[in-house]
Amino acid sequence: MTKLFPILAAAISLSTPECHAFVAPGSSRANGVRLGAKLEGREIEGALTPTNNFVLVKIAAIEDETEGGILLTGSAKSKKTEGKVISVGPGKTHQESGLLFPMPVVAGDGVVYGKYDGTEIDYEGDKHTLIRDDDVLVKFSGDELTLETADVVSDNILVKVEDNEEETASGLVIAATAKGGSKPSTGEVVKIGPGRMASNGEIMIVDINVGDMVKFRDFAGNEVDIEGGEFAVVKMTDVLARF
């Protein structure tokens with residue numbers, strides 16, 4: 001337990017009053033009212049506050065059953081990489097210009113992030129994770145991720161990937177992976193991020209339009225399921241061509 005806190009210190013700060021040696025009689029602390037929070041089973045003073053470009057996300061609950069009503073247990077339950085933003089850091093500073101890169105999300109946004117991204121913690125009795133702003137694949141408003149509510153950040157684009165499945169003469173559908181092929185790497189652009197900020201503070205606009213068809217590097221896109229459709233979040237630097 002004690003080893004975890006030095007690691008978290010790089011991503012968060014524990015907001016504490018400057019002085020708390022004296023507790024006035026009748027104060028909320030003297031009356032036993034908890035003013036802080038609980039982190040990894042330990043009482044802390046104040047709220048957990050991300051630093052730099054870290055984002056504190058409350059992880060969405062794991063689904064216990066499929067849409068067909070089949071109950072899932074143990075390893076059959078898939079790990080959620082989706083949640084609600086609780087708080088954000090101030091942003092990262094460019095090493096040369098000193099400019100502050102603004103954070104792409106705010107408290108209350110829904111986010112989808114990479115499967116292996118983030119540091120999971122137990123905060124206030126619930127599973128949370130601390131991710132970087134670069135880990136955000138898609139952000140969305142409201143309680144449900146839909147194509148209408150979804151947006152991408154920075155210089156990312158959201159691509160509706162083409163279906164590479166083929167059907168045999170007998171009607172058997174063969175996926176690309178079953179044929180030894182690669183993941184789909186072409187599709188239609190449906191969402192575009194605002195662009196990446198340059199060292200001088202100017203936004204470098206994404207040179208792609210909604211509706212364009214694009215070819216991107218194999219395995220470069222991060223898969224995202226939206227309303228049952230297969231999408232990929234792709235960085236502009238991984239787009240090879242458009243047509």
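Reader: Where is the place of glutamate 124 in the chain?

Author: In this predicted model, strand 8 and strand 9 form a hairpin with two residues between them, and glutamate 124 belongs to the turn. The place of glutamate 124 is therefore, by the assignment of strands used here, in the loop between strand 8 and strand 9.

Reader: What is phi of glutamate 124, and is the residue buried or exposed, or does it count as something in between?

Author: Buried means under 20% relative accessible area and exposed means over 50%. Because glutamate 124 has a relative accessibility of 37%, it counts as partly exposed. As for the backbone, glutamate 124 is a residue other than glycine with a positive phi, and the value is near 55°.

Reader: How many bridges join strand 8 to strand 9, and which residue is the bridge partner of threonine 119?

Author: Strand 8 covers residues 119-123 and runs antiparallel to strand 9, and five bridges join the two.

Reader: What is the relative accessible area of lysine 58, and which residues is it in contact with beyond its neighbours in sequence?

Author: Lysine 58 has its place in strand 5. Its C-alpha atom is separated by 9.6 Å from that of isoleucine 121, a residue 63 positions away along the chain. Lysine 58 counts as partly exposed because its relative accessible area is 35%. Leaving aside neighbours within four places in sequence, the residues in contact with lysine 58 are Glu82, Gly83, Lys84, Ile86, Asp126, Lys127 and His128.

Reader: Where is asparagine 52, and what is its phi?

Author: Asparagine 52 lies in the loop between strand 4, residues 48-50, and strand 5. It counts as partly exposed because its relative accessible area is 41%. Although asparagine 52 is not a glycine, its phi is positive, at about 50°.

Reader: Which residues line the largest cavity, and how do they divide by class?

Author: A search of the whole structure finds one cavity of 30 Å³ or more, and the volume of the largest cavity is about 60 Å³. Its lining is made up of Val161, Lys183, Pro184, Phe216, Phe219, Ala220, Gly221, Glu223, Glu230 and Ala232. By class, these lining residues divide into six nonpolar, one polar and three charged.

Reader: Which residue stands opposite glutamate 223 in strand 20?

Author: Strand 19, residues 222-226, and strand 20, residues 229-235, run antiparallel and are joined by five bridges. The two form a hairpin with two residues between the strands, in which glutamate 227 takes a positive phi near 50°. Glutamate 223, which is also among the residues lining the largest cavity, stands opposite alanine 232.

Reader: Which residues are closest to the centre of the second largest pocket, and which strands each supply at least two residues of its lining?

Author: The second largest pocket has a volume of about 360 Å³, and of the 19 residues that line it, the closest to its centre are Pro102, Pro104, Val153, Ser154 and Gly195. By class, its lining has ten nonpolar, three polar and six charged residues. The strands that each supply at least two residues of this lining are strand 10 (136-140) and strand 16 (196-197).

Reader: How many helices and strands are there in the chain, and what share of its residues counts as buried?

Author: The chain has one helix and 21 strands. Among its contacts with a separation of 6 or more, 65% are accounted for by residues 24 or more positions apart. Of the 243 residues of the chain, the share that counts as buried is 34%.

Technical notes. Residues numbered from 1 in each chain as written. Predicted model: local features only at pLDDT ≥ 70, side-chain atom pairs only at ≥ 80, totals over all residues. Heavy atoms only, no water. 1 Å grid on protein atoms, 1.4 Å probe; cavity = no way out; pocket = protein on both sides within 12 Å on 5 of 7 lines; lining within 4 Å. Points joined across faces, edges and corners; volume = space filled by probe spheres on them. Nonpolar A, V, L, I, M, F, W, Y, C, P; charged D, E, K, R; others polar. Pairing = 2+ DSSP bridges. Helix = DSSP H or I, 4+ residues; strand = E, 2+ residues; numbered from the N terminus. Buried < 20%, exposed > 50% of the residue type's maximum accessible area, 1.4 Å probe, protein only. Contact = heavy atoms within 4.5 Å.
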